[in-house]
Amino acid sequence: MTALPPNGPEGPGDADPLPAPLSGRDRAVLAVERQSWAGPGAKERAIRERLGISPTRYYQLLNALLDDRRALEADPVTVNRLRRVREARRGRR
């Protein structure tokens with residue numbers, strides 16, 4: 001019986017590398033989005049206090065996360081819900 005090369009059956013460097021995990025900031029963005037908020041002011045305040053970024057930057061990061069496979073794997077319920085909302089908004093334009 002022969003042993004397989006250390007990096008996969010085709011040899012070194014041929015195996016797909018594992019994707020990097022979501023950053024702490026990305027996980028925090030998803031956590032903020034999972035919560036329900038009493039009003040728009042409370043959410044924006046929490047974004048600034050918890051994440052230290054502007055709401056505009058938050059929504060830019062969130063939109064990018066919706067297209068990231070790692071985010072879908074980390075929080076499929078939230079990501080799929082937000083994808084549906086995004087698609088509905090695009091359909092109304």
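Helix α1 passes helix α2 in a right-handed crossing, where right-handed means that the near helix is turned clockwise from the far one by less than a right angle, and left-handed means anticlockwise. This is a predicted model, in which local features need pLDDT of at least 70 and side-chain atom pairs count only at pLDDT 80 or more, while totals for chains, interfaces and linings use all residues. Residues are numbered from 1 along each chain as its sequence is written, and side-chain values use heavy atoms, with hydrogens and water left out.

Back to that crossing. α1 covers residues 24-34 and α2 covers residues 40-51; their axes come within 11 Å and cross at roughly 155°. Axes here are lines fitted to C-alpha atoms, for helices over the stretch in contact, and angles run from 0 to 180 degrees between N-to-C directions. The two helices are therefore roughly antiparallel to each other; the cut-offs are under 35 degrees for roughly parallel, over 145 for roughly antiparallel, 65 to 115 for roughly perpendicular, and oblique for the rest. On the α1 side the contact (heavy atoms within 4.5 Å) is made by A28, V29, V32 and E33, and on the α2 side by K43, I47, R50 and L51. Sorted by type, the residues of this contact are 5 nonpolar, no polar and 3 charged. For that sorting, Ala, Val, Leu, Ile, Met, Phe, Trp, Tyr, Cys and Pro count as nonpolar, Asp, Glu, Lys and Arg as charged, and the others, Gly among them, as polar.

Now step back to the whole chain. It has 5 helices and 0 strands, and the pattern along the sequence reads α-α-α-α-α. Helices (H or I, at least four residues) and strands (E, at least two) are DSSP runs, numbered from the N terminus. Buried residues make up 28% of the 93 residues, with buried meaning under 20% relative accessible area, exposed over 50%, and partly exposed in between (1.4 Å probe, protein chains only). Of the contacts with a separation of 6 or more, 42% are between residues 24 or more positions apart.

Next comes α3, which meets α1 at an angle of about 100°, with the axes 10 Å apart. That makes α1 roughly perpendicular to α3. The residues involved are R25, D26, V29, L30, V32 and E33 of α1 and R57, Y58, L61, L62 and L65 of α3. They divide into 7 nonpolar, no polar and 4 charged.

Leaving out residues up to four places away in sequence, R25 touches R57 and L61. Its C-alpha atom is also 7.3 Å from that of L51, 26 residues apart along the chain.

Setting aside neighbours within four places in sequence, L65 is in contact with L22, D26, V29, L30 and A71. L65 and D26 are 39 residues apart in sequence but 7.5 Å apart in space, C-alpha to C-alpha.

α2 packs against α3 too, at an angle of about 85° and with the axes 9 Å apart. These two are therefore roughly perpendicular to each other. Here K43, E44, I47, R48 and L51 in α2 meet P55, Y58 and Y59 in α3, a contact of 5 nonpolar, no polar and 3 charged residues. R48 counts as exposed, at 51% relative accessibility. Not counting residues up to four places away in sequence, R48 touches I53, S54 and P55. The C-alpha atoms of R48 and Y58, 10 residues apart along the chain, are separated by 9.0 Å.

So where does burial fall on these helices? In α1, the buried residues are D26, V29, L30, V32 and E33. They cover an arc of only 160° around the axis, which puts them on the same side of α1; the arc is that of the directions from the helix axis to the C-beta atoms. Their cover includes α2, α3, α4 and α5. In α3 (residues 55-65), P55, Y58, L61, L62 and L65 are buried. Their arc is only 120° around the axis, which puts them on the same side of α3. An α-helix has 3.6 residues a turn, so residues three or four places apart point the same way. The cover over the buried residues of α3 includes α1, α2, α4 (69-74) and α5 (76-92).
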